[in-house]
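Dear colleague,

Please find the structure below. My notes on its charged side-chain pairs follow.

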Amino acid sequence: MALADRMKQYESAFDFKLPTSSPVILRLDGHNFSRFTAQPHFRRPFDQRIHDAMVNTCSDLLLDFFPRATVAYTQSDEITFVFPEGGVQLFNERVQKLASLAASYCSVRFNAHLSAALASDSGAGLESGSDVLLGMAHFDARFFTVPSDEEALNCLLWRCRGDAVRNSVSSFARTLFSQSQMHGKTTAELIDMMRQEKNVIYEEAVPKWAVEGCLVKRESYQHYGVNPKTGQVETTARTRTRVEERGIREFSTENLKLVKEKYWNGLGSLQPTKSPTVPVMVDNTSVSSANKTIFGPNVYVFDPDTPATDIQAKATSIFKQMEANEFGTERYALLFKPGTYNVLFDVGFYTHVAGLGLSPDDVLVEGGVNVPAYWMPNRNATCNFWRAFENFSINASEATNNTTTIAVSQAAPLRRMHIRSSGGLWLFQVDPSTGAGGWASGGFMADSVVDHQVLPGSQQQWLSRNNKYGSWANAVWNMVFVGDSNAPSQDSFPASAYTTIDRTPIIREKPYLYITSQGKYEVFVPALQTETQGPSWGTGSPTPGDSIPIDQFYIAQPATATTASINFALDSGKHILFTPGIYKLDAAVRISRQDTIILGLGLPSLIPVGGQPAVCVADVGGVVLAGLIIDAGEVCSHSLIEVGPPNSSVDHASNPTFLYDLTVRTAGHTKNDIGITINSHNVVGDQLWLWRADHGDGALWDANPTKNGVVVNGDHVTIYGLFNEHHKEYQTLWNGDGGRLYFYQSEIPYDPPNQESWMSKNGRTNGFASYKVADGVTTHEAWGLGIYSYFRDSPTKLENAIEVPEVDGVKLHHLTTVWLTGVPGSEISHIVNGIGDRVYANNPESAMRQTLNEFSGSDRSGA
């Protein structure tokens, strides 16, 4: 193939076309306008000259560039055009061509109009050198289709009611009040504050165009002129634009004509006959529209103007459905826009609750959000899995004794939380029938603040990373603190089962979804940091990092997404956001581009159906996998997640791949060999649960087989919080050098039918060690390891809970074994390499729990 033909073929692979069978929307958005308009010669909060330049730009585009557009709507620094069915009818509908030319033409015309306005305004006060700013404003452009003219009108409703009015009120309020005075106030409350405290009537003080934007349409008119040849007066039809200083506040037949008809003529005056007392008409009176966003029907986006009773009723109905729904297929995300919510609700299985602010304090729940353990006897929380709390603050009410209760076990992370509750945070629930704490077994909290005490109570083990709290009350078996601001001392281990590491060696906090002050969804990606202590955020010190607009993500929904569409999006340079649901994959999701983000919302499940991995990552850096459940299928996969191909060799120290909040699950009647295989170097894990099901339908020795939870082949891999349980061979097999592990929780399999079925080293050794560092490894370090036995079906023995090479570079700190219960005669014989007494019964205490402070290479002095 000729060179020119080959290059054109490459170009055409990404030259998509708009369909002509649906209405088209064009949105133009000013880039970094907040910085641009912060210059002193612009007027705050609203500058008439900027607004006039926006309106004139709309007119230019309608008259000269987009002849098929029927209406333009502009507010703040954005413009929306509507093209009814039939397409744009330019450049053969090629998206790249249309978007690039729309953005460039818009930028050129806006700068021309603004420059003229500033130059003619003697009061502009342009300082010397500030003319460099002129011509620097620029816009981005995006085209998309909607299924009907009605949805096109709804798009205009969204831009007006969802953004324009709220932003206008906030901008004006900032000239009168401090940020702390405005925090948590709704639009209506801000208007009332202006009236009550400043004697300012908002609707009189602000020009109408600044309240809700402007509509621009063509109108035809008769032009009277003299024909130079005949000298006669003649009439000709001409076109111009007319502006109405209003947005779209309601769905009506008349407003629908704005979308369908090309001219104002014949529409009549659409101005409201009577202005409302308050010109802010954000219709959030019903929760019914909360799940009608770009994220699909299982994501509810709540607004602070929505009645609290409606939010609470919806959240409570979801909890009732999900409270005991341990192996159900339903998935939900409950997202809260910035503001204050007076609600109290509980959170069940497969429910992700998150704030949409940039900071956790942007969303405050005054009332409470809790995880109870009502559904199991005696407030037993050992099966309270698969839920998530992220990026909001809670102030518990008297209804829960001013206490926030999160009674959970694995796969229920707390991230970027601010628990303000005066009664503190409880990690268990009291059984009212006995007064004792119900069992709870393992959890994770990171990048959070608890103003008062954290009370683990009967919570058996926990990892706390980069947190700050008033105090930490107690420990049971294994509490590990990494990079906390005020962690308890570890000097009394094992009497006080604390393991404390002063600083977190390397971390990039998990990316999260938020909504900007302009009402746009973006994903914030925190910066990579080393040797950190305490949360990444605080008063006056936001989390460092960068934002990615949501249009750079392919939003996967279970009803429409396929493996092919996901991989096409990845190959096209998109990130992926999985919305709640179940995704059956007929091929692996393949990530070949560095810095790709795969983000789950609402604990989505990915299931490979053909024996392949669910996710394969090339040997590239900076990849993020976060917030996913990876379920094994009925056909055996060798590995469910593969990070780097075999023999990966690239050093990714400056840009590691991160794995956050992943559950890899082999439930009943499914199978796989390995959960996660890590071949790349410098990978970082942050809260991973690899679980071969020990209960539920089909959870039997031969019915849901797995060999290993995690196999680490790469060097310099770091994992914070590894929960790895019930696999039939080594739970963890670590082959790479330079590994670091902070907190390990592992129950070995419950169900070997006999000792002969569970032997390692060619039948010479009882059982498989839970934590196995390969014989050839020369450097490895781990802190806070707990291994637990419940041999339910036979008097099985495990020789060593941990096996490591006896070399100076291998160091282990604070090791624990526990015999939970089991068939008489079952035991864990040693903690590590033949060191440590056996655990075999519940009494005496030494028969149930054994510990070892230190193990360092060939030095056995810690025994």
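With which residue does Arg 692 form a salt bridge? The partner is Asp 751, and the closest N and O atoms of the two are 2.7 Å apart. A salt bridge here is a side-chain nitrogen of Lys or Arg within 4 Å of a carboxyl oxygen of Asp or Glu.

This is a predicted model, in which local features need pLDDT of at least 70 and side-chain atom pairs count only at pLDDT 80 or more, while totals for chains, interfaces and linings use all residues. Residues are numbered from 1 along each chain as its sequence is written, and side-chain values use heavy atoms, with hydrogens and water left out.

Arg 692 belongs to strand β39 (residues 684-692), whereas Asp 751 sits in the loop between β43 (739-747) and β44 (759-760), 59 residues apart. Strands (E, at least two residues) and helices (H or I, at least four) are DSSP runs, numbered from the N terminus. Both Arg 692 and Asp 751 are buried, that is, under 20% relative accessible area with a 1.4 Å probe, protein chains only (exposed is over 50%, partly exposed in between).

A second salt bridge joins Lys 772 and Glu 803, with 3.2 Å between the closest N and O atoms. Lys 772 lies in strand β46 (residues 771-773) and Glu 803 in strand β48 (residues 797-803), 31 residues apart. Lys 772 is buried at 9% relative accessible area, and Glu 803 is buried at 6%.

Salt bridges with shared partners also connect Asp 29, Asp 140, Arg 142, Lys 520 and Asp 551 in one network. The structure holds 31 salt bridges.

Yours sincerely
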